[in-house]
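Let's take a friendly walk through the salt bridges of this model. Have the viewer open as you read.

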Amino acid sequence: MADQGSSKHSREEDDVVEMKKALATGSSNSQAAAVSTVAPIVCYCFASILMTVVNKFVVSGTHFNMNFLLLCMQSSVCVACVFTVKKLGVISFRDFDMKDAKAWFPISVLLVGVIYTGSKSLQYLSIPVYTIFKNLTIILIAYGEVIWFGGRVTALTLVSFILMVVSSVIAAWADISDALVVGDPAVAEAASALATVSGVVSKMNVGYFWMFLNCATSAAYVLTMRKRIKLTGFSDWDTMFYNNLLSIPVLAVASIIAEDWGYENLTRNFPPETRNFLLFAIAFSGAAAVGISYTTAWCIRATSSTTYSMVGALNKLPVAASGMIFFGDPVTFGSVTAVAVGFFAGLVYAVAKNNQKKAEAASQPNIIPLANRSS
C-alpha cells in the first residue's frame, strides 16, 4: 500500500511538472482538447480589445507627438514583465545571447517600424477604420508567401481578399468624406508632410498614409521573421523577449534624435492634470502586450489554429464596436457596412485557410510504417 501511495504521489508530481512545462513553452499535448475552450477565447478577445482601446487613449491627446518615447516605455515594461514572470517559473525562454541578438536585431528594427506606424495611424484613424485596414496586411503576407515560400492562394481565399479590399474602400469613403466636410486637422498635416507628392494626396487624411505604411512594414516583418525563426529556432517567448529588448535602444535613440525633449513639449504631452493616469495607462499597455502573447498561445493550445483564426475574424466586430463605445467614433451606414463586410471577409478567410489545410493534409503520403509482425 505504501508503494502504491508513493507511486500515486509521484505520478501527481509528474503531471504538475508536465502542465507547468506546457504553460512555459506554449507546447500542446493530447490533453489540450479536454481544456475548456471558453476561457482562453474570452481572455484573448478581452486582451485584444483592451490593448487597442488603451493605445488609442494614450495617443489621442490633443498635443501628443512623442510616439517613439511611448513605444520605448511600453517595450521596457513588457521586458520587465516577461523577465519577472520567468523568474517566478511561470514561463521559460532562453537567456540573452549576443549571437542571437545580432541575428535578431534586423527583425527588431522592422518591429519598431511596425509599432511606430501603427501608433501613428491609430492616432489619426478611428478604431473601426484601423481594424478594417489591418486586413490588408493579410493580403500582402499571403502573396509574399507565394513569392518567397511557394505558398498558394485558393479561389475562396481570393474571394476573402476581394471582400477585405471592398470593406476598406467603404471605410475610407465614409471616413474621408466626413473628414473633408468637417475639416480634419490631419489633412493639413498631410499637406505639409507630403508637400513633394501630388496635390491630391494633400487632401487625404494623414492616417491613411501611416496605415498603408503599417500594412507594408507588418507584412515585411512577418515574412522576414518567418525566415529568421527557422535559423534561430526561437520559441514564442524567445521572440517576444528579443523583439522588445532589442527595440528599446532603437526607440530611445530615435526619440532623442527626432522628438522634442524640451520642458514645454513634455508638459504638452504629459499634462500635470492627467500625467499619473497617462503613465499608468502606458505601463498597463506594455503589460497588456504580455497578455496578448500569452492568451494567443493559450487559445491555440486549448483549441486549434483554425479555431484561433476564426476567433481572430470574429474579434474584429467587438474591437470596432469598442471604438464606437469608448471614443464616440461615428456610427453611420458606411462605418457599420464596412465593419460588417470586414467581419464577413475574416470569416471567409478563416474557412478558406481551414479548407486549404485539410486539402494539404489529405495530399500528404502516409509516412507511418505499416508492417505485419509475426512471432
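Is Asp-95 buried or exposed? Asp-95 is exposed, at 58% relative accessibility; here buried means under 20% relative accessible area, exposed over 50%, and partly exposed in between, with a 1.4 Å probe and protein chains only.

## About the model

This is a predicted model, in which local features need pLDDT of at least 70 and side-chain atom pairs count only at pLDDT 80 or more, while totals for chains, interfaces and linings use all residues. Residues are numbered from 1 along each chain as its sequence is written, and side-chain values use heavy atoms, leaving out hydrogens and water.

## Salt bridges

Searching the whole structure gives three salt bridges, a salt bridge being a side-chain nitrogen of Lys or Arg within 4 Å of a carboxyl oxygen of Asp or Glu.

Arg-94 is partly exposed, at 27% relative accessible area. Its side chain forms a salt bridge with Asp-100, where the closest N and O atoms are 3.3 Å apart; Asp-100 is buried at 15% relative accessibility.

Arg-94 also meets Asp-238 in a salt bridge, with 3.3 Å from N to O. This pair links distant parts of the chain, 144 residues apart: Asp-238 sits in helix α10 (residues 236-258), and Arg-94 in the loop between α3 (67-87) and α4 (98-124). Helices are DSSP runs of H or I with at least four residues, numbered from the N terminus. Asp-238 is buried, with a relative accessible area of 5%. Through shared partners, the salt bridges join Arg-94, Asp-100 and Asp-238 into one network.

Methods:
Helices (H or I, at least four residues) and strands (E, at least two) are DSSP runs, numbered from the N terminus.
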